[in-house]
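Biologist: I'm new to this one. Could you walk me through how to read it?

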Amino acid sequence: MKLAGVIALMGCETLSAAGDDVDVEAVVASDGMSEILAFSRPHALMLTGLTNIQSVRTAVVADVSAIVYVRDKRPEQKVLDLAVQNGIPIFVTSLGMFDSCGILYEAGLEGVM
Amino acid sequence: MSEELLSRSFTLHSHDFDRAGEISTEIKAMLKELGIDSQVIRRVVVVCFEAEMNVVMYADEGTLTFVLTDEDVGIEIADRGPGIGDLDRALEEGWSTATDEMREMGFGFGMGLPNIRRNSDSFDLRSEVGVGTTVTSRIRLDGLD
């Protein structure tokens, strides 16, 4: 599934834009960064409520397609700057984690853990 | 006998949460530029990142030494700190001595050392209480687990 479609489904606001042709192959959803490191796979979409700098570092290490911060949580500017520097697209949705996962599951995406 | 291609050493500082992960990102870029297989890079970088976080969270200071040979990547993380009393428990998923502050960073859920071991082809953990801990990981370049 294309990232643009996923973002539209979740009504996301863009904080750091993605390229036109980014694929999302699965979803990894957690506030535990070690869980994401353990179970994520490349081109997964990362959903989290954790907006600190480690969320972006984890996204870089785990090679995710993008981060969506849930519950309208917004990162500080230094976190966004690091995401831009590392080419990680960032979005924010007002949906909670449960609803976000439900919508993505309905759309045919599967979780990685 | 394997041939050493590259060797680097980095210093890690206690509670430097903002910079934790910088070394892993640098190593990732270095290996990518050398054309190393992406799955191997991912395993190396997960090991380095978890190790960085462990030192930043628990130790007073540490050193990460990275050695690339024509056969594998060797990573040694040696810290000066409280050490680990029960190594078997420390390797159990979910067991942790993390504080709330560490958990707010998204770490400290008892996954760090198990993640390092899971991503290593060979793994060694040594510790002395009150002195420090050394983790050694080796990841083969042929990508076989």
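Modeller: Let's look at one strand and its neighbours, then the core.
Modeller: This is a predicted model, where local features need pLDDT of at least 70, side-chain atom pairs count only at pLDDT 80 or more, and totals for chains, interfaces and linings use all residues. Residues are numbered from 1 along each chain as its sequence is written, while chains are lettered from A and ligands numbered from 1 in the order written.

Biologist: Why is strand E3 of chain A largely enclosed by the rest of the structure?
Modeller: Buried means 20 or more other C-beta atoms, placed from the backbone, within 10 Å of a residue's own. Strands are DSSP runs of E, at least two residues, and helices are runs of H or I, at least four, numbered from the N terminus. Five of the five residues of E3(A), 44-48, are buried, so the strand is largely enclosed.

Biologist: Which residues sit on each side of E3(A)?
Modeller: In a regular strand, side chains alternate between the two faces of the sheet. Here Ala44(A), Met46(A) and Thr48(A) are on one side, with Leu45(A) and Leu47(A) on the other.

Biologist: Which strands pair with E3(A)?
Modeller: Pairing takes at least two DSSP bridges. E2(A), residues 26-29, runs parallel to E3(A) over four bridges, and Val28(A) stands opposite Met46(A). E4(A), residues 66-69, is also parallel to E3(A), with four bridges; there Leu45(A) faces Ala66(A).

Biologist: And the core?
Modeller: A nonpolar core joins buried Ala, Val, Leu, Ile, Met, Phe, Trp, Tyr and Cys residues through C-beta atoms within 7 Å. The largest has 72 residues, and Leu45(A), Val68(A), Val44(B) and Cys48(B) touch the most other members.

Technical notes: A residue is buried if 20 or more other C-beta atoms lie within 10 Å of its own, exposed if 12 or fewer, and partly exposed in between; C-beta atoms are placed from the backbone.
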